[in-house]
Amino acid sequence: MRIEEDLKLDFKDVLIRPKRSTLTSRSEVDISREYLFLHSGLKYQGIPIIAANMDTVGTFEMARALGRHQLSVALHKHYGEQELSNFFHEHCALAPTFYSMGITRADYDKFCRVREQTGESIRYVCVDVANGYTKSFVDFIHKLRKAEPHITIMAGNVVTGEMTEELILDGVDIVKVGIGPGSVCTTRKMAGVGYPQLSAIIECADAAHGLGGLICADGGCTSPGDIAKAFGGGADFVMLGGMLAGHAECGGELIEQNGVKKARFYGMSSCMAMDKYAGGVAAYRASEGKEVLLDYRGAVEKTLQDILGGVRSACTYVGARKLKELSKRTTFIRVSRQLNEVFGAS
Ligand code: 5GP
């Protein structure tokens, strides 16, 4: 047994210190980014925020709504082959849409069939497992990269620099970072495993950037300020689940409770999701996700405006004319625990 004594931080433990700035208005801030992916060689241009591949967030409708604003979606993996093929044939957005898959034989075969039908339309893939430290995951990445040299691969999740480096050397373009921070995730409670998300972002971004790779901070953002902190800590992309849930584009079940419309939102490893897609929770495992009811929020447009406005505002406070400059201009100040408990760091 070993204990690491280094301080590790979550979003709530810090604030971004304001800095002198020559910007006069938020409208002067450009929050789009351009990247050239290390392995696929593809060029990206867009606002690097991605809707999570959860079945009530990563929907076709969300891809259409976010795509109009240059944001991306990782589609959930439970769509049928035909609807995926139709979508990729027809969809042309201002930002890429990710095809998501796990690492089973069935996942790979389904991907191959959809790819055959859609040809070049699928150029971004998200390979998603709860634990990105397994040999079977790394073997899958090798196989996929060999078969698809020109597709941009985002894959995870991991939380440490050495595994980020390994995945980038194995062929991943964007390493997905986050174990346990998700709004409907119970991994920290059920397994006692995890890593404070801001420190994971800072450490993994440092490791990835050293090799020319990128990271996507996945999970734990509950406000636009958290997204700004993730970018400030070095994230190249930020993935959102809960912040985009409960909207008209989510397609989930709506429930009326005391005259208020509520939307069901649940983790992809929750009993709810496993009952729906896997015929229940297998006897050898426990669910690592929970179910919540959120107030229904209507169209995602207004939420988007808040998110983009918040990130622009953060850039203005530190004098970053472009999102690219935000992390260079970020100094985090630690918020004392008492202050945090009384006021929250928001
Ligand atoms: P959020 O933005 O809601 O805080 O986090 C979204 C992320 O939570 C997803 O992208 C995914 O990585 C993670 N997630 C989604 N469902 C589950 C689940 O059931 N269990 C765990 N451990 N993580 C989940």
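Modeller: A polar side-chain atom of Asp 218 lies 2.5 Å from an oxygen atom of the ligand. This is a predicted model, and every distance here is computed from it. Backbone atoms take part as well: a polar one of Glu 288 is 2.7 Å from a nitrogen atom of the ligand, and a polar one of Met 268 is 2.9 Å from a nitrogen atom of the ligand. Taken alone, the ligand exposes 530 Å², and the protein buries 90% of that.

The surroundings comprise 20 residues. Asp 218 and Glu 288 are among the closest, together with Ser 183, Gly 241 and Ser 269. Sorted by class, the shell holds 12 polar, 6 nonpolar and 2 charged residues.

Now the sheet. Its 3 strands form an open sheet in the order S12-S13-S14, and the pairing is antiparallel. Strand S12 covers residues 254-257 and strand S14 covers 291-295; each stands at an edge with a single partner strand, so one side of each has no neighbour in the sheet. Direction ignored, neighbouring strands of this sheet are turned by 40 degrees against each other on average.

In general, strands of a sheet pair through backbone hydrogen bonds, either parallel or antiparallel. Here S12 and strand S13, residues 260-266, run antiparallel and are joined by 4 bridges.

Conventions: Residues numbered from 1 in each chain as written. Predicted model: local features only at pLDDT ≥ 70, side-chain atom pairs only at ≥ 80, totals over all residues. Heavy atoms only, no water. Near = heavy atom within 4 Å. Polar contact = N/O pair within 3.5 Å; in protein donor to acceptor, adjacent residues only side chain to side chain. Areas by Shrake-Rupley, 256 points an atom, 1.4 Å probe, with all protein chains shown as cover. Nonpolar A, V, L, I, M, F, W, Y, C, P; charged D, E, K, R; others polar. Pairing = 2+ DSSP bridges. Helix = DSSP H or I, 4+ residues; strand = E, 2+ residues; numbered from the N terminus. Axes fitted to C-alpha atoms, helices over the stretch in contact; angles between N-to-C directions.
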